[in-house]
Amino acid sequence: MADWRLAPVVDGAVTDQLRRDLDEDDFVLVHHALADDIRGRMAELAAALARDDSETARRAIHSLKGAALNLGHLRLGLLCSHLNDRALAADWPTVRAARDDLAAVCQLSLAALGHAGLAFGGDSSIVRR
Amino acid sequence: MSACIAPKEPIMSEMLEQAISAAIADKLVLVVEDTSSSRILVSGLVRGLGAHRVVSATDGKDALAKTIDKALVPDIVLCDWVMPNMDGLELLTRIKADHGSVKFIMMTVKTEAEAVIMARQHGVDGYVAKPFTRDSLMASLAKVLGVS
């Protein structure tokens with residue numbers, strides 16, 4: 001698997017293709033929706049890990065992976081793909097250890113989308129105000 | 001001479017797109033995805049291919065609730081596999097049991113042979129690997145619409 005650290009935050013070719021394939025309204029809407037999906041799934045993941053709910057945590061990672069890759073957010077998609085594999089192998093220590101990396105990559109994707117950062121970082125006990 | 005060869009592929013693609021557009025125009029398409037960006041993306045692409053009637057659901061349970069209304073029984077379902085509440089495989093089974101003629105396309109990262117075979121055993125009509133493109137969506141829609 002490609003190293004997520006080396007991947008571009010956004011694959012410009014995918015963005016260009018989406019610009020051709022979607023009408024202007026949907027193009028704008030889908031990128032706002034991705035920002036909401038990132039925030040929503042990260043909150044879901046933090047809450048699931050806090051209560052040791054592995055099924056919900058795995059599903060949150062899986063959803064984030066699909067949403068990111070569909071819109072060419074390659075670094076986030078590849079990191080989620082790696083974490084999804086670890087989650088499927090029940091390697092939760094690795095998933096937990098990667099929360100800060102995941103939060104940082106989410107911030108980069110949100111910045112690329114022109115959105116403010118996450119309410120939650122990697123640690124669900126820390127709420128940034 | 002080369003001018004005769006070069007346009008061949010684009011023309012084939014345009015012809016396929018026109019055929020899909022004509023066949024899908026009056027069909028009701030149900031998009032089932034738990035992430036809103038994927039829902040908007042798939043719905044937008046399908047509308048761009050000529051579908052005038054596109055509705056969406058957030059998971060299998062929501063989709064099934066929508067099909068209780070006979071007017072909302074779809075002709076084509078484009079569905080994610082992994083979702084909360086009711087996943088794509090269960091929705092496929094339930095939809096096929098109640099409405100056998102509905103064409104069901106699974107959109108998923110589960111591309112390993114076991115998953116494909118399982119979906120086929122449950123009656124799936126098409127399969128789109130994620131991350132998908134407009135072209136891969138077109139290919140699967142062409143198959144279920146019987147256009148080539």
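This is a predicted model: local features need pLDDT of at least 70, side-chain atom pairs count only at pLDDT 80 or more; totals for chains, interfaces and linings use all residues.
**Figure 1. Salt bridge between B:Asp62 and B:Lys66.** B:Lys66 has a relative accessible area of 28%, so it counts as partly exposed. B:Asp62, at 23%, is also partly exposed.

**Figure 2. Salt bridge between B:Lys96 and B:Asp125.** The closest N and O atoms are 2.7 Å apart. The pair links distant parts of the chain, 29 residues apart: B:Lys96 belongs to helix α5 (residues 88-98) of chain B, and B:Asp125 to the loop between α6 (113-121) and β5 (126-129) of chain B. B:Lys96 is buried at 18% relative accessibility, and B:Asp125 is buried at 18%.

**Figure 3. Salt bridge between A:Asp91 and A:Arg86.** The closest N and O atoms are separated by 3.0 Å. A:Asp91 is buried, with a relative accessible area of 19%, whereas A:Arg86 is partly exposed at 27%.

**Figure 4. Contact between chain A and chain B.** Chain A contributes 19 residues and chain B 18 residues. The two chains bury about 1,700 Å² between them, 62% of it on carbon and sulfur atoms. There are 3 salt bridges between the chains; A:Arg41 and B:Asp34 form a salt bridge at 3.5 Å, N to O. On the side of chain A that touches chain B, α3(A) supplies the largest share, 8 residues. By class, that side has 9 nonpolar, 3 polar and 7 charged residues.

Methods
Residues are numbered from 1 along each chain as its sequence is written. Chains are lettered from A and ligands numbered from 1 in the order in which they are written. Side-chain values use heavy atoms; hydrogens and water are left out. Contact means heavy atoms within 4.5 Å. Buried area is the accessible area (1.4 Å probe) that two parts lose on being put together, summed over both. A salt bridge is a side-chain nitrogen of Lys or Arg within 4 Å of a carboxyl oxygen of Asp or Glu. Helices (H or I, at least four residues) and strands (E, at least two) are DSSP runs, numbered from the N terminus. Ala, Val, Leu, Ile, Met, Phe, Trp, Tyr, Cys and Pro count as nonpolar, Asp, Glu, Lys and Arg as charged, and the others, Gly among them, as polar. Buried means under 20% relative accessible area, exposed over 50%, partly exposed in between (1.4 Å probe, protein chains only).
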